[in-house]
Amino acid sequence: MRGGWAGWCAAIAVWAAPAWAAEPAPPAKVWGFLELADGSKKFALTGDEAVVGSGEGVQVAIADRTVAARHARLTHKDGVIHLEDLGSKTGTLAAGTALKPGKPFRILQPIEVSVGAVLLRFAFGERPALLPPTQPPAKGKKPPAKAGKK
């Protein structure tokens, strides 16, 4: 081993994380995005839910006086995404529809979402793979012939 500072640095460089060290967790899957209408901020949505609000501890933090501390919640379960108003005074709109607190709105396509006076655009992230057919093909039966062929 070399002496002095160079030798010490070389020894540190050779030493890596021990074999028993845990591997880093894989990155969380992004199931959606919320972007401010002006494009100035984009939020990646991960985990089971994302709370939109102006308070501390929310996943989508928006500094606007018309946005409640905990204004709305997006949930993701089994590939289904819902948006719900959390009782805000200024309301939540999904594709122009006013949401009632406690009544989730199912998101089926990219939409515009308004929380208070702030306009956001929702877009899907990773979508789950399509499910395979629920029934196997019948045994001994030929598939139907294509139209126009004999």
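Biologist: Is His82 buried, partly exposed or exposed?
Modeller: Please keep in mind that this is a predicted model. The residue in question, His82, lies in strand β6, which covers residues 80-85. Buried would need under 20% relative accessible area and exposed over 50%. Because the relative accessibility of His82 is 25%, His82 counts as partly exposed.

Biologist: How far apart in space are His82 and Lys103, C-alpha to C-alpha?
Modeller: Leaving out residues up to four places away in sequence, His82 touches several residues, including Pro104, Phe105 and Arg106. As for Lys103 itself, 21 residues in sequence separate His82 from Lys103, while their C-alpha to C-alpha distance in space is 9.5 Å.

Biologist: Which backbone nitrogen does the side chain of Thr66 reach?
Modeller: Thr66 is found in the loop between β4 (60-61) and β5 (72-77), and it counts as buried because its relative accessibility is 19%. Its side chain makes a polar contact of 2.4 Å with the side chain of Asp64. At 2.9 Å, the side chain of Thr66 also reaches the backbone nitrogen of Ala117.

Biologist: Which element gives the largest share of the largest nonpolar core?
Modeller: This core has 24 residues, of which Leu74, Val115 and Phe122 touch the most other members. Among the elements that give two or more residues to the core are β1 (32-36), β5, β6 and β10 (111-115). The largest share, 4 residues, comes from β11.

Notes
Residues numbered from 1 in each chain as written. Predicted model: local features only at pLDDT ≥ 70, side-chain atom pairs only at ≥ 80, totals over all residues. Heavy atoms only, no water. Buried < 20%, exposed > 50% of the residue type's maximum accessible area, 1.4 Å probe, protein only. Polar contact = N/O pair within 3.5 Å; in protein donor to acceptor, adjacent residues only side chain to side chain. Contact = heavy atoms within 4.5 Å. Core = buried A, V, L, I, M, F, W, Y, C linked by side-chain atoms within 4.5 Å.
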